[in-house]
Amino acid sequence: MSQDKLLEVKNLKVSFRTYAGTVQAVRGVSWHLEKKETIAIVGESGCGKTATIQTIMGLNMQNPICSKEGQVVFDGKDLLTCSEKQMRDIQGNDMSIIFQDPFTFLNPTMKVGDQVIEVYCRHHKATRREATERLLEMMRLISLPDPEKNIKRYPHQLSGGQRQRIMIAMALICGPKILFADEPTTALDVTIQAQIIELMKHLKEQIDTSIVLITHDLGVVANMANRVYMMYAGQIVEHADARTIFKNSKHPYTRALLGSVPRVDQKTEGGLFSIPGSPPDLIDPPTGCAFAARCSQAMNICKRLQPPEITFPEPEHKVCCWLHHPEYKARKKAVGVGERHE
Amino acid sequence: MNDQPLLELQGVKTFFRIKKDILKAVNGIDLVIHRGETLGLVGESGCGKSTLGKTILHLYKPAEGKVLYKGRDIWTYSKTERKLYARQVQMIFQDPYASLDPLMVVHECVAEGLNIHGIYTPKERYEKAIELLEQVGLNKEHANRFPHEFSGGQRQRIGIARALALEPELIVCDEPISALDVSIQAQIVNLLRDLQEKKGLAYLFITHDLSMVRQISDRIAVMYLGSLVELAHSDNLYEHHRHPYTKALLSAIPIADPDVEAKRQRILLSGDVSSPIGIDQMCSFCKRCHYATDLCFHEKPLLREVAEDHFVACHHLDQVDKNGGR
């Protein structure tokens, strides 16, 4: 299994110094990505999912207020210690990224076709004709209607779905090993979202890439991901394969989040379940479990001590929660505490 | 209950002029909202749902058709009646960051409407504002803070308190939850529902989120490029939807369950929403529809009743039913 690890993140910490204090956006996150799989990092806004992948991609290398700790191992190298020049060879070639809002990330003064081949020319010694050929091949792959005409257009002349297709083409033109997709469909309409999801699934097979999907939309996760990491307040609270997360989640946050998502195919009687309160302030994160203040099953210890990571075998399932601590379970059995809550 | 509907739209059309073209954002809509009900208005971006909301609020003048409030056309109102109408119909906006004045503390924001309409003394207004904040789950300490000190969900609560201040009968909610996180969305939807039960409010709930709208709406209207394509009771719409667009829309929504997802067959629509310019004499959906024939390109289908309180605008319903929407 360890040979298949394409990317491994070990105890990554990212913080930003601001006027108000140091925001600990990512507080010790570890995960890995295997070949040909799609993993999803799920969490609410501000939980550090974007900060994590921006650090991996080296997008905040020059950011003076940002400090990082930990290791990101890719291809035997620690990306955090790479120089900027080394990183630039990796960006766009070995790993690339799709952003949430294609309009903000495309250059409004450049024709979209030129933007897409810019990446290709940087990494390959290609003539313009070769690049254009590759571009048209890519455009067919992403099924952009009328490619010859559309590559000569500017971003504002395309619709949201088409712009997102261009972003995908740009990200995939060098055939990267890893594709980071940061909320790729959040800004799109549902019918277009369905098109883009199908496209990404299809391209993953064709280009043989692994996807790290970042989203808060559990429906998209159910559709695409093999494994899921749940993030809350800069930490991973639960990790398992997608089926286990949806059918047999163990962390109260995951359960609450799943409970608060309405489903089109069912009507929830008597109001939706909602999580009270809002996520903690990461300038001064709580000493105990970050979710304790909103958790209906919180105990005294949750507020004082960080919960340990508890692993369940077969299929691998990791939970950071005191409720699953062996001592708590033994005690519960002996005295019958906590049963009222469950 | 009084039989007269609270609000009635009769063939409302709202147009915008873009250079030489006319953009028909809302193109002939008939709709009724009763007292105390929630009507969900669903559609993709650019289909004219917000324009319709603003037309109801007397912000856009319809080019044709009438907006009747309690049986009277709102465009025949005198100035004082117009002001009274503004009290009875309120709005909650999509973006809780842009819709609150950053220079006003929260109780001023909430009581601004009372101030404009000259209701209560300043002290009473302050008390009323605090009472409203408590109704939406905030408290007294929040009253003297500025909007930037709040999170998105809390700001949306302030927006709701402000809409409630003038004791309206109808609130137009324009995508009130789409800027919020999932766990906060449920809080806001539950709050809106509780308030409706307590105060007998009617909502026009404009959204593109079909899964959330089911939880709150009594009836749902599906809109596509300025026209209604289907209108039904909410459970009915989810279980017996008949218009090809509704079918595609519902099948496009991912469900948070990998087993269900693996089994579902998706109806993928080709292309994007077409331009709303120059679609007068045809079915608004015909360019993306699998069933479209010549008829659809030349004649606009009208909404007709296919079952009790279930309206669909499509020429080829028999065909669609036979193929199960595919």
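User: In what sense do strand β1 and strand β4 of chain B pair, and over how many bridges?
Analyst: This is a predicted model. In it, β1 (residues 7–18) and β4 (residues 64–69) of chain B pair in the antiparallel sense over five bridges. Within β4(B), Val67(B) is the residue that stands opposite Leu9(B).

User: What order do the strands of that sheet have?
Analyst: The order is β2-β1-β4-β5 in chain B, an open sheet of four strands with antiparallel pairing.

User: And which are the edge strands?
Analyst: β2 (21–33) and β5 (72–73) of chain B, each of which pairs on one side only.

User: Which helix packs on the sheet?
Analyst: Helix α1 of chain B, residues 49–56. This helix touches β1, β2 and β4 of chain B, and its direction makes about 65° with that of β2(B).

User: Switching topic. How many residues of chain A are in contact with chain B?
Analyst: 39 residues of chain A, and they meet 37 residues of chain B. The largest share of chain A's side, seven residues, comes from α8(A). By class, that side has 17 nonpolar, 15 polar and seven charged residues.

User: How do α7(A) and α8(A) cross?
Analyst: Their axes come within 10 Å and cross at roughly 15°. Angles under 35 degrees count as roughly parallel, so α7(A) and α8(A) are roughly parallel to each other. The crossing is right-handed.

User: Which residues meet there?
Analyst: From α7(A), Gly160(A), Gly161(A), Gln164(A), Ile168(A) and Leu172(A). Their partners in α8(A) include Ile192(A), Leu199(A) and Ile207(A). The residues of this contact divide into eight nonpolar, four polar and no charged.

How values were computed: Residues are numbered from 1 along each chain as its sequence is written. Chains are lettered from A and ligands numbered from 1 in the order in which they are written. This is a predicted model: local features need pLDDT of at least 70, side-chain atom pairs count only at pLDDT 80 or more; totals for chains, interfaces and linings use all residues. Two residues are in contact if their C-beta atoms, placed from the backbone, lie within 7 Å. Helices (H or I, at least four residues) and strands (E, at least two) are DSSP runs, numbered from the N terminus. Ala, Val, Leu, Ile, Met, Phe, Trp, Tyr, Cys and Pro count as nonpolar, Asp, Glu, Lys and Arg as charged, and the others, Gly among them, as polar. Axes are lines fitted to C-alpha atoms, for helices over the stretch in contact, and angles run from 0 to 180 degrees between N-to-C directions. Angles under 35 degrees count as roughly parallel, over 145 as roughly antiparallel, 65 to 115 as roughly perpendicular and the rest as oblique. A crossing is left-handed if the near helix is turned anticlockwise from the far one by less than a right angle, and right-handed if clockwise. Two strands pair if DSSP finds at least two bridges between them.
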